[in-house]
Structures are given as C-alpha cells and as structure tokens.
Amino acid sequence: MPTNGAGATPFAPNATDLRRQRQLAFRIAFAATLTFSLGMILSLPLFYIAAAFAAPFAQAPAPMPVRAGVRMLCSMAGLLILALIFASLLLPYPVAFLSAIAISLALSFRYAVRGGDMLITVAALLGALLVPYLMLKSPGLAASTTFWLMVNFTLGLIASWAAFAVFPPVAPAQPAPAPGPAPDDDLDRRHWRICLVSIPFAIVFFVTGSGAFYTLIFVSLLSSELAASTGSGPAAAQGMLRANILGGVVAFIAYESIVIAPVPVVAILATLTMSLFLARRIAVGDKVSGSALTVALLLLGGSMVFSNDADARLIDRIAQIAIAIGYILMAFVLVDRWLPERTRRGSETESDTPPFARHPV
C-alpha cells in the first residue's frame, strides 16, 4: 500500500497534522472555558455571549490583528447605538417600528450575501432584532444590554488572543490547495430568498410577542449563517438542526453535572469537558460541531442564570430553537420550489473556517 512521506498510510494523519489538530482543539476549548468561567465567577451579565464568540475567533488560522479588532468593535458599537436611537424614536409608531425592523434585516442580509464581515453582520442583526425587542420591554434594559453585548464581544476577542498565545497554530504538513474560481452567483436572488424566509418570522415574533430573549440571539446567528451560505438554504438549515440537537444534548449533560455539585470548580470542569469534546470534533473537520459549541455555550449559560426551573427553561429553549429551525427548513423548501437559487458559472467552494473567524491577516 502506498504511504506518505512519514511512512503512514494515505488515510492516516501524520504527526504534524495531529499536532495541529490538538493545538486547535485546545485553543478553542481554552478560549471558550476562559471566558465562560471568568464571566460566571464575576457574575457578568450575558457572560455566555463572550464564550460563544471567543470559540469561533479561536478557530481562525491566525489571531485577528489588533487594528482590525478595534475597527470591528467600533463598527459594532456604532451599529448597536444607531439601532438603539432609531428604536427609541419609532417605538410609539407600530407600523414604522415594524417597517424599520424589516428594512434593517434586509440591509443586513444584503451586506452579508455580498461578502461583508460576518461579525458586523451579526451586530447589524442584533441591532435589527434584539434591540427593538428589548426596547419594547424597557428602554433602560435595551441600553444596558447593548453595553454588555459590547463588553462581551470585547472579552471574547481578548480571550481569543490569549488562546493563540498559549496554543499557537501549527502550519499543516501540506499547504491547502488554492481555492478555485469564485462562483458567479445570483446574489440578488439569494438575498430575496433569505429575506422571504427570515423577515416574516421576525415580524410574527414581534406582533405575537411569543418567544424569548435567547431565541432572538440564536435567530440572529442562524440568519447570518444562512446569509453567508454558498450552498442551498435547506442544507444549511439541516446542518443547524443537527447542531442544535448535538449542542442541546451536550449542554443538558453539562448542566445536570453542575446541578449535582453546584460549585464553581464543577461548573468550570463541566464547561471544559463540553468544550473539549466538541473542539476535538471541530479540529478533525466536523463543521456541525462548530455551531453545536455555540449552541451549547448559549444554552448552558442561559440556564445557569436562572436558579428556579432551570431544567424546564433549558428544555424550553432547545424546543424553541428546534421549532425556529424547523420553520426555516420548511420555508426554504417552499422558496426552493418557487425561487430556486442558481449559479451561473464556476464551482462552489466552501471554507473550513467558520464565518466569524474569517478576517484579513
């Protein structure tokens, strides 16, 4: 049987690849556990948001440059503050309020499908969905949440820099092949497809008042993933459904472990074990586990905030996410029937790097 240069079979990774995978897994788990644990110990509001963003940052091939990170944070702060201002001004006018949400979502998706930075897209989606939702509850709550979102974004970025310092990346034994020509997609059609699926869901959410704060955060992340997808909508939604199931199961096991011995050391070890389990799967190329880790961190952190009926709240969140993804999956089936996506020329390529982690170096 032919072997590679290291004497291994063609199907076995060599020592360099194994070390690269190990460093990547440790880096992701370190970044997620560090932010989650510090936020939990210091009782920071929305501390799990920092962990949910630190993990994708740590998956990048290299740490984000400081200048790019500062520019990104300033852009995100500007978008969230702008959303706060418009939401407060339009709050007394329901039709204008809902119209502004729809327009903001459409602009965010347009920016995403045309190759915009995914973190800026997420900030725009949070400004379009989360800020108006909180403004309906309380202007003070909306302002404080905007502040703590920016604090946690910053902590997630700093934690990723620390993770790269402790577990630096290892160059692959064989350089990755150069990507083929970019496909000439019908971006306008893709933009309309995502708008037709996502905007009605958001409007119904606001009109009926059903759902939870956490669901809107997840819908923002899911919508950004769909906007960045170069494949079909149903395929992306199915992947998110599998990620939701995996992340929900892992988060439930971690939470039940913490309930047995509710002390910080156990919570830290449970988070580390959960993160390492999914990070190892990410390191060997399992793309579903990347989204599952985000889901698990958000579910676990959100459940730990509540001391009463936390088990029921955790199951309820998993069910809400499953229903939301189920709706998006069925909606894309209908949209694919009447407005299918098309590629005019070229072949599609898909990067192993998560969208949040792609940045110029």
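The model is predicted, so local features need pLDDT of at least 70 and side-chain atom pairs count only at pLDDT 80 or more, whereas totals for chains, interfaces and linings use all residues. Residues are numbered from 1 along each chain as its sequence is written, and side-chain values use heavy atoms, with hydrogens and water left out.

Among the buried residues of α3 are A68, G69, M72 and L73, where buried means under 20% relative accessible area with a 1.4 Å probe and protein chains only. The cover over the buried residues of α3 includes the helices tabulated here, contact meaning heavy atoms within 4.5 Å.

| Covering helix | Residues |
|---|---|
| α2 | 47-58 |
| α4 | 94-113 |
| α6 | 139-166 |

Helix α5 (residues 118-137) also belongs to this cover, and α5 packs with helix α7 (residues 187-208) at an angle of about 10 degrees, with axes 11 Å apart. The two are therefore roughly parallel to each other, a term for angles under 35 degrees. Here L129, P132, Y133 and L136 of α5 meet A202, F205 and F206 of α7.

T33, in helix α1 (residues 15-42), counts as buried because its relative accessibility is 8%.

How values were computed:
Axes fitted to C-alpha atoms, helices over the stretch in contact; angles between N-to-C directions. Helix = DSSP H or I, 4+ residues; strand = E, 2+ residues; numbered from the N terminus. Parallel < 35°, antiparallel > 145°, perpendicular 65-115°, else oblique. Buried < 20%, exposed > 50% of the residue type's maximum accessible area, 1.4 Å probe, protein only.
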